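I opened my notebook to look up salt bridges. I wanted to know which side chains pair up, and how exposed they are.

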Amino acid sequence: MSKPTGNEKPTWWPGEQHELFTDWAKTQGIVINGVSPARFTGRGLGMIATRKIEKDSILVKVPHSAMLTPSKLPSTFTSRFPADTPTHTLYAAYLTNASPSHITPWRSTWPTMEDFTLSMPILWSSSSPLTPKSNTNRSSNSNILQDLLPPSISNTWSTITPGKRKHKYDTRHQNLLKAQETRLRKAWDIVVRVFPETDKELFTYHWVIVNTRSFFYLLPGAEMPEDRNDAMALVPFADYFNHSDVACNVKFDGEEYVFRAAKEYNEGEEIYMSYGPHSNDFLFTEYGFYLDTNASETLYLDEIILQDLNASKQEELEFHQYYGNYQLTSEGVCYRTEIAAGLTYMPLRDWQDYVLGYSTEGVDEKMSAAVIRGWIKVYIKEADVAIARLEDLYLAQTEDQGVVRMLLKRWRQIRSLCEEAVDRVSS
């Protein structure tokens with residue numbers, strides 16, 4: 001698969017700006033070995049093998065000098081910000097307010113704001129922070145579509161009224177959209193104080209660029225920052241890699257990022273890297289996509305379970321450190337869910353003995369299974385309601401067909417996962 005010449009353009013050809021960027025990347029010392037950016041029908045850009053590649057072969061090497069790291073930001077720029085300004089905020093502000101021209105070939109390959117609006121939930125609602133008011137791609141259905149996001153993303157339910165949680169706990173993998181909106185709002189508040197004339201839409205765009213295209217970055221020997229999001233850098237050319245559980249091997253040694261083939265690739269095969277063990281709802285929120293098959297798929301049953309337990313039972317769960325984060329995965333429900341199920345029917349003393357490991361006398365596996373099935377079926381009902389509403393929107397031929405299809409597919413995934421879990425619990 002040679003580089004296209006003249007009028008010869010293979011179906012995967014990404015476009016002239018990507019060819020020009022590839023040439024520019026090489027001038028920056030980036031090593032590109034048997035791979036190329038490619039356009040995949042219906043999925044955007046990715047990385048493709050241009051010839052047969054052997055396992056462990058080096059695919060891409062990006063030297064530190066070619067990366068955008070905190071040390072590359074001019075001190076005359078960063079000194080204007082508070083010392084505790086998040087790295088993410090500094091990058092977005094730099095790209096917006098300093099407009100570095102030396103990376104123009106790279107910037108020309110980035111997704112557009114329109115691309116993000118079609119896939120990023122944070123840009124769907126007019127009430128989201130910094131959603132550009134001038135964005136003509138937002139339709140009258142945007143708020144409806146945001147309401148139809150899965151509960152782990154939106155923290156909203158159509159079929160239940162969650163009771164108030166009696167105790168606080170770490171919910172970083174839930175209510176994902178609100179957490180993302182909070183980060184963006186705080187970033188804007190910082191930047192607009194330093195640069196009052198900052199263009200809101202352009203800053204939002206660059207904030208999303210950094211959020212979706214950054215790599216983990218920590219120099220050898222450096223202490224991990226309190227917020228892991230502060231350990232980030234932008235890595236040109238390597239940002240073409242899409243995410244998959246089956247991914248190339250990645251290493252950063254302080255001098256360069258090196259990407260090696262995890263297996264043998266044939267010419268024309270897409271090559272992936274892993275963004276980490278993330279659930280589909282997390283990938284959807286943070287990156288605007290999700291996987292057809294995801295080994296890290298996770299749903300949370302917290303609101304369903306806690307609305308089923310009175311204050312005293314919630315107190316017991318909190319005391320014994322089993323409060324919240326009840327997971328449903330491709331393997332079934334977690335042990336914390338089983339513990340909570342036992343509390344619904346066991347005498348309190350028997351349940352306490354069970355939790356402390358003294359006795360299993362009060363445990364009835366059939367009763368626990370019945371309780372858990374009931375909880376999962378609440379999630380199935382939620383999926384059915386969402387699917388029905390989305391199918392109505394689809395039949396109405398609204399201008400949001402792409403987003404509607406994306407949500408429909410996600411809710412059908414969720415329903416399938418729940419059905420499999422019910423079957424697993426039953427057996």
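I began with a definition: buried means under 20% relative accessible area, exposed over 50%, and partly exposed in between (1.4 Å probe, protein chains only). I noted that this is a predicted model, where local features need pLDDT of at least 70, side-chain atom pairs count only at pLDDT 80 or more, and totals for chains, interfaces and linings use all residues. Residues are numbered from 1 along each chain as its sequence is written, and side-chain values use heavy atoms, with hydrogens and water left out.

Entry: the search. I looked for salt bridges (a side-chain nitrogen of Lys or Arg within 4 Å of a carboxyl oxygen of Asp or Glu). The whole structure has eleven.

Entry: K263 and E269. Their side chains form a salt bridge, 2.6 Å from N to O. K263 is partly exposed at 29%. E269 is partly exposed too, at 26%.

Entry: R183 and E286. This salt bridge spans 3.4 Å, N to O. R183 sits in helix α8 (residues 176–194) and E286 in helix α10 (residues 280–287), 103 residues apart. Helices here are DSSP runs of H or I, at least four residues, numbered from the N terminus. R183 is partly exposed at 26%, but E286 is buried at 8%.

Entry: D281 and R410. How far apart are the closest N and O atoms of this salt bridge? I found 2.9 Å. D281 lies in helix α10 and R410 in helix α16 (residues 401–426), so the pair ties together parts 129 residues apart in sequence. D281 is buried at 1%, and R410 is buried at 0%. Shared partners join D281, E297 and R410 into one salt-bridge network.

Definitions and conventions:
Helix = DSSP H or I, 4+ residues; strand = E, 2+ residues; numbered from the N terminus.
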